[in-house]
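These notebook entries record what I looked up in one structure.

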Amino acid sequence: MAMRHSVVLDSRRCRGCTSCIKGCPTEAIRVRGRKATILPDRCIDCGECIRICPHKAIKSVGDQLDILTRFEYCVALPEPALYGQFHNLDNIDIILNALLKIGFHKVFEVAKAAEMISDFERQAICAGPPKVTPLISSSCPTVLRLIRMRFPKLLPHVACTILPMELAAILARREAAEETGLPPERIGVFAIVPCSSKVTAARVSEGLQAPVLDGAFAIRDIYLRLLSPMKHLEQIEPMSSVGIMGLGWASCGGESAARLREQCVAVDGVPNVIRMLEEIEDGRLPEADFLELSACTQGCVGGCFTVENPYAAKMRIKGLMKGLPVSRNRFPFQGEERDIVRRDKDLQYLPTFVLDQDLGAALNKQLRIQELESNLPGLHCGSCGAPSCHAFAEDVVLGRATVDDCIFKVRERMRSMAGKDEADDYLPPPFRRQQHDTSRR
Amino acid sequence: METIKLVYPVEGGDLIEAGEASSKMKLTLKKLGLPQDVIRRASICMYEGEINMVIHADGGEAQVEVDSDQITIRMMDSGPGIPNVDQAMQEGFSTADSTARELGFGAGMGLPNMKRYSDEMTIDTVVGTGTTVTVKIKIPQ
């Protein structure tokens, strides 16, 4: 199925400045005709371009709140990162009660599902050593897409579990159907998420054949709507049913902590994640049992849809943990029902970076890329619209650009057409191949 | 037949940076769509070779050739050379200094690992002049 990315470009705002192309960890953006374009096959929805764009032209589109009206009964699934967004909040129930004032009829905390997944994992750890080590967390959809594209060898290392918000959605819909007697399709189940990648995952699941969510709202979009009802609650019903472990999932390291006793590595930020995956791929970290990888700084609290500084949000969530039990939810299923938490489809390799399926053709293309690259200035100026000279050479060979898109190549050619074969003289100093001795002139 | 040549300088004295050439090579091999196992074995050989050159020879150069039959990695240095190759090939034998050992290197597994993960390995060494370790990894057709 084609990806339905949530990261989109607002072309009226884009000035084609090329700021975004270098920040993209998968080199998925090119500037064409003064506008950025995203190569959909390569985008992993990490949100890096959204953070970088000085003109706020790249956005991620969560669903609009008015889709709630399409359903008779709506359930909110707040991710724990939401809890860290509010100043001076000492009670999670205030947020959960306020959600009932803005159009939702029921709340099911994603942190609750996270605690169940952690319990499921602890049972698996007790049951015996895993088939492969280290196990890699399956909780960040951006990381899953990254592994599918660049680290196919590591796919068997990825944990078998679905996202906490997906488990929450399945359980919440069941509960709501039982409570209301409504058919499941008339119940809307919506996650409130910290990042673009989870909006995409709500539409096209990485691990499930059929999506289990009806939509996902950005924390940023819900935040302002919550502020007023949070202030004016007449009474606060006790609703939250999570402990320290569930809240911990909001930041990188929390999922690891809930595994107890294992040797875990928690890594945040896409460049760090890539470096770690490289090491695992080469077997250079044999002592690790589990890898928790988050695309965003500090984990979900650093998502591009959050309002607060990730470090501040993490501190607040720590504050909210005070006085809570360690965990308040067990994985409640036995026998075949346990499969509810597992993926029902395999993670497939996405060979987006492969030059050609045929090795001979790929070698030929690589040769041409190297040949062309050796004749490029190596400045990575971005004027051609590609993030680096190497990416540009690849684009030319793969037919996504022509050599004339490089201003230095054009300049060279114009000089030689004008009969001046020493084009070098006319290039700006940083790009001359020969350094002139100017000291004696 | 198309043959790609890749050349990576390996800086001496910097154990922390060692592994960069292997990472870069790996990225190119992935783009060629080579089998995962071949890529893995090639990067292990390259990584071990890089570490060796950094520890013993103050760096050198890694040359990689890829055609549709095999990957050939040549690790060339102008270091002290290996006086006793048989001894150097024994697992656990190492002449790495204490600095390298403190960093967790020098376990005497470098050359044995290169042998284990490659299909062919040759060592050309002249004491006082330098060493070239060549490994070949076949690509299953």
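**Entry 1: Chain A as a whole**

I counted 15 helices and 11 strands in chain A; helices (H or I, at least four residues) and strands (E, at least two) are DSSP runs numbered from the N terminus. The model is predicted, with local features needing pLDDT of at least 70 and side-chain atom pairs pLDDT 80 or more, while totals for chains, interfaces and linings use all residues. Residues are numbered from 1 along each chain as its sequence is written, and chains are lettered from A and ligands numbered from 1 in the order in which they are written.

I noted that the C-alpha trace of chain A spans about 85 × 50 × 45 Å along its principal axes. Of the 441 residues in chain A, 46% are buried (20 or more other C-beta atoms within 10 Å of the residue's own, with C-beta atoms placed from the backbone). I then looked at contacts (C-beta atoms, placed from the backbone, within 7 Å). Among those in chain A between residues at least 6 apart in sequence, 75% join residues at least 24 apart.

**Entry 2: Helix α4**

I checked the length of α4(A), residues 110-127. Its 18 residues should span 26 Å at 1.5 Å a residue, and its end C-alpha atoms are 26 Å apart, which agrees; the expected span is 1.5 Å times one less than the number of residues.

The buried residues of α4(A) include Val110(A), Met116(A), Ile117(A) and Phe120(A), and also Lys112(A), Glu115(A) and Glu121(A). I found the buried residues of this helix packed against β5 (73-78), α6 (164-180), β8 (187-193) and α9 (244-248) of chain A. Just after α4(A), Gly128(A) takes a positive phi of about 140 degrees.

**Entry 3: Helices α13 and α14**

I looked up how α13(A) (residues 359-373) and α14(A) (residues 389-397) meet: their axes come within 9 Å and cross at roughly 130 degrees. Axes are lines fitted to C-alpha atoms over the stretch in contact, and angles run from 0 to 180 degrees between N-to-C directions.

**Entry 4: Chain A against chain B**

I recorded 20 residues from chain A and 16 residues from chain B in the contact. On the side of chain A that touches chain B, α13(A) gives the most, with eight residues.

How values were computed: Buried ≥ 20, exposed ≤ 12 C-beta atoms within 10 Å, placed from the backbone. Contact = placed C-beta atoms within 7 Å.
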